[in-house]
Amino acid sequence: MIVSTTLTGSNADIIGEALASVLDQVDRCLVIDTGARDATLEVARQVAGDKLLLREFPWKDDFAAARNFALDAATGAGATWAVTLDTDERLQ
């Protein structure tokens with residue numbers, strides 16, 4: 001199983017394109033909410049649909065901790081491979 005992992009705060013304007021770019025290549029899109037205060041999570045739901053997995057990770061000013069949390073969550077979701085995708089990245 002391939003899972004994309006995306007850390008996000010308030011990125012409603014760009015997360016949709018990021019998730020759409022990997023949707024056909026992954027089994028699940030795991031979004032780690034680090035404190036979104038806009039429509040980011042709703043956009044993620046609209047784009048990823050049934051493939052969306054959502055987890056919360058309170059921001060601690062530590063990208064390594066958040067990325068490790070995401071990888072652990074992907075493993076917990078059954079991933080054998082994980083693709084790290086930032087909200088400003090697109091898979092081509």
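Colleague: Where is S21 found?
Modeller: S21 sits in helix α1. Helices here are DSSP runs of H or I with at least four residues, strands are E runs of at least two, and both are numbered from the N terminus. This is a predicted model, in which local features need pLDDT of at least 70, side-chain atom pairs count only at pLDDT 80 or more, and totals for chains, interfaces and linings use all residues. Residues are numbered from 1 along each chain as its sequence is written, and side-chain values use heavy atoms, with hydrogens and water left out.

Colleague: Is S21 buried or exposed?
Modeller: S21 counts as buried, at 17% relative accessibility. The cut-offs are under 20% relative accessible area for buried, over 50% for exposed, and partly exposed in between, with a 1.4 Å probe and protein chains only.

Colleague: What is S21 in contact with, leaving aside neighbours within four places in sequence?
Modeller: L85, E89, R90 and L91. Contact means heavy atoms within 4.5 Å.

Colleague: New topic. How many salt bridges does the structure hold?
Modeller: Three. A salt bridge is a side-chain nitrogen of Lys or Arg within 4 Å of a carboxyl oxygen of Asp or Glu.

Colleague: Which residue does E17 meet?
Modeller: R90, at 3.5 Å from N to O. E17 belongs to α1 (residues 15-22) and R90 to the segment after β4 (81-84), so this pair ties together parts 73 residues apart in sequence.

Colleague: How do those two count by relative accessibility: what is E17, and what is R90?
Modeller: E17 is exposed, at 55%. R90 is partly exposed, at 30%.

Colleague: What about R67? Which residue is its partner in a salt bridge?
Modeller: D86, with the closest N and O atoms 2.8 Å apart. R67 is in helix α3 (residues 63-76) and D86 in the segment after β4, so here the linked parts are 19 residues apart in sequence. R67 is partly exposed at 26% relative accessible area. D86 is also partly exposed, at 24%.

Colleague: And R45, what does it pair with?
Modeller: E42, with 4.0 Å between the closest N and O atoms. Both are in helix α2 (residues 40-48), three residues apart, about one turn of the helix. R45 is partly exposed at 41%, and E42 is partly exposed at 39%.

Colleague: On to strands. How many bridges join β2 to β3?
Modeller: Five, and the two strands run parallel; β3 covers residues 52-56. Strands pair if DSSP finds at least two bridges between them. One example is D33, whose bridge partner in β3 is E56.

Colleague: Where does the chain cross between β2 and β3?
Modeller: Through α2, in a right-handed β-α-β crossover. Right-handed means that, with the strands pointing away from the viewer, the path from the first strand over the helix to the second runs clockwise.

Colleague: Which residues form the nonpolar patch on the surface?
Modeller: I2, W81 and V83, with about 290 Å² of accessible area together. Those areas come from the Shrake-Rupley method with a 1.4 Å probe, and for residues only the protein chains shown count as cover. Patch residues have over 30% relative accessible area and no salt bridge; like charges are joined within 9 Å, and nonpolar side chains (Val, Leu, Ile, Met, Phe, Trp, Tyr) within 5 Å. W81 lies in strand β4 and is exposed, at 63% relative accessibility.

Colleague: Last one. Where is D61 found?
Modeller: In the loop between β3 and α3. D61 is exposed at 66% relative accessible area.

Colleague: And K60, where is that found?
Modeller: K60 is also in the loop between β3 and α3, and counts as exposed at 56% relative accessibility. Its C-alpha atom is separated by 22 Å from that of A39, 21 residues apart along the chain.
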